[in-house]
Amino acid sequence: MSASVTDQFDQLYAESADSGRVMALALHPFVIGQAFRAKYLDQALKYIAGHPGVWLTTSDEIAEHYAATTA
């Protein structure tokens with residue numbers, strides 16, 4: 001999982017130089033709930049969070065930000 005997540009992030013991060021991008025990370029309990037996958041999720045999130053300008057947030061926080069800045 002880690003490589004596909006970080007590859008997706010790298011592409012979106014490169015594209016974000018021109019405008020904002022949203023990377024949704026769907027974590028189904030049946031898949032991510034397997035103990036052997038936890039370290040790969042941790043690695044991917046650490047990699048993503050280590051980039052400047054990345055906003056780790058929820059869909060509700062994105063909606064609140066949009067509403068506050070477009071009113």
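In which loop is the place of His51? His51 sits in the loop between α3 (38-49) and α4 (59-70), where helices (H or I, at least four residues) and strands (E, at least two) are DSSP runs numbered from the N terminus. The model is predicted, so that local features need pLDDT of at least 70 and side-chain atom pairs count only at pLDDT 80 or more, while totals for chains, interfaces and linings use all residues. Residues are numbered from 1 along each chain as its sequence is written, and side-chain values use heavy atoms, with hydrogens and water left out.

The side chain of His51 reaches the backbone oxygen of Tyr47 at 2.8 Å. Such a polar contact is a pair of N or O atoms within 3.5 Å; within protein, one must be able to donate a hydrogen and the other to accept it, and residues adjacent in sequence count only if both atoms are side-chain atoms. Not counting residues up to four places away in sequence, His51 also touches Phe9 and Tyr13, contact meaning heavy atoms within 4.5 Å.

These partners lead to the aromatic rings. Rings of Phe, Tyr and Trp (its six-membered ring) pair if their centres lie within 6.5 Å; planes under 30 degrees apart count as stacked, over 60 as edge-to-face and the rest as tilted. By this rule the structure holds two aromatic pairs. One of them joins Phe9 and Tyr47 edge-to-face, with 6.0 Å centre to centre and 85 degrees between the planes. Because Phe9 lies in helix α1 and Tyr47 in helix α3, this pair ties together parts that are 38 residues apart in sequence. Ring pairs link Phe9, Tyr13 and Tyr47 into a cluster. Phe9 is buried at 6% relative accessibility, whereas Tyr47 is partly exposed at 34%; buried means under 20% relative accessible area, exposed over 50%, and partly exposed in between (1.4 Å probe, protein chains only).

Further contacts involve residues of the helices. Thr6, found in helix α1, is buried at 13% relative accessibility. Leaving out residues up to four places away in sequence, Thr6 touches Ala44 and Tyr47. Ile48, in helix α3, is buried at 7%. Beyond four places in sequence, Ile48 is in contact with Val5, Phe9, Met23, Val54 and Leu56. The C-alpha atoms of Ile48 and Tyr13, which are 35 residues apart along the chain, are separated by 9.4 Å.

Charged side chains come next. Side chains of opposite charge can pair when their charged atoms come close. A search of the whole structure finds one salt bridge, defined as a side-chain nitrogen of Lys or Arg within 4 Å of a carboxyl oxygen of Asp or Glu. In it, the side chains of Glu15 and Arg21 meet at 3.2 Å, N to O. Glu15 is partly exposed at 30% relative accessibility, and Arg21 is partly exposed at 41%.

Finally, Val22, Trp55 and Ile62 form a nonpolar patch on the surface, with about 310 Å² of accessible area together. Patches are made of residues with over 30% relative accessible area and no salt bridge: like charges are joined within 9 Å, nonpolar side chains (Val, Leu, Ile, Met, Phe, Trp, Tyr) within 5 Å. Accessible areas come from the Shrake-Rupley method with a 1.4 Å probe; for residues, only the protein chains shown count as cover. Val22 lies in the loop between α1 (2-15) and α2 (29-32) and is exposed, with a relative accessible area of 61%.
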